[in-house]
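Here are my notes on this one, in the order I'd go through them. Have the model open while you read.

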Amino acid sequence: GFASSYEKSPEGNFVFLIPGDEELFVGGGALNGAVGKLLRTHAKQPIAFDNGGKFDQEQCPYRALQKQTFMAAKQEPLKLVQASKEMLGKAPVTFSAARVYSRDEHPFGAVFLHIFD
């Protein structure tokens, strides 16, 4: 079988790797969608699925945050750039940061770090 993608009852803190999307939202289809459903169901994160299971990327609370931190990180490649309180906006996180390897306009290879509320 496969290893669990996360621990439902962790004894301490844990890390969860989320596959990304070029549009910088969390949820959607394929693996990103499966992870979004896990986060919504088990971590009570506001992933933007309606009652019929259809995803709305425009309603994703992480999309604006990730776009802003991506733009800031592009100014300082190879450095972890922390989001300001203004960037956090309504995203349900206490910390967010991004790191990129280049000033490329596409977020391929970018890493986003969030600490959920």
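**Notes on the predicted model**

1. Start with Phe-55. Leaving out residues up to four places away in sequence, Phe-55 touches Phe-25, Val-26, Gly-27, Gly-28, Ile-47, Ala-48, Phe-49 and Cys-60, where contact means heavy atoms within 4.5 Å.

2. A word on the ground rules. This is a predicted model, so local features need pLDDT of at least 70 and side-chain atom pairs count only at pLDDT 80 or more, while totals for chains, interfaces and linings use all residues. Residues are numbered from 1 along each chain as its sequence is written, and side-chain values use heavy atoms, with hydrogens and water left out.

3. On confidence (pLDDT is the predictor's confidence in each residue, from 0 to 100): the protein chain averages 83, and 86% of the residues score at least 70.

4. The fold reads α-α-β-α-β-β along the sequence, with 3 helices and 3 strands in the protein chain. Both kinds of element are DSSP runs numbered from the N terminus: helices are H or I with at least four residues, strands E with at least two.

5. Back to Phe-55, which is listed with Val-26, Ile-47, Cys-60, Tyr-62, Leu-65 and Val-93 as having the most contacts inside the largest nonpolar core, a set of 24 residues. Such a core joins buried Ala, Val, Leu, Ile, Met, Phe, Trp, Tyr and Cys residues through side-chain atoms within 4.5 Å. At least two core residues come from each of α1 (30-42), α2 (63-74), α3 (85-88) and β2 (93-99); α2 gives the most, with 4 residues.

6. How much of the protein chain is buried? Of its 117 residues, 35%, taking buried as under 20% relative accessible area, exposed as over 50% and partly exposed as in between (1.4 Å probe, protein chains only). Residues 24 or more positions apart make up 42% of the contacts with a separation of 6 or more.

7. Have a look at Leu-78, in the loop between α2 and β1. Leu-78 is exposed, at 53% relative accessible area, and touches Arg-99, Val-100 and Tyr-101, again not counting residues up to four places away in sequence.

8. Finally, Lys-37: its charged end sits over the ring of Phe-49, 5.4 Å from the ring centre. The criterion is NZ of Lys or CZ of Arg within 6 Å of the ring centre and within 35 degrees of the ring normal.
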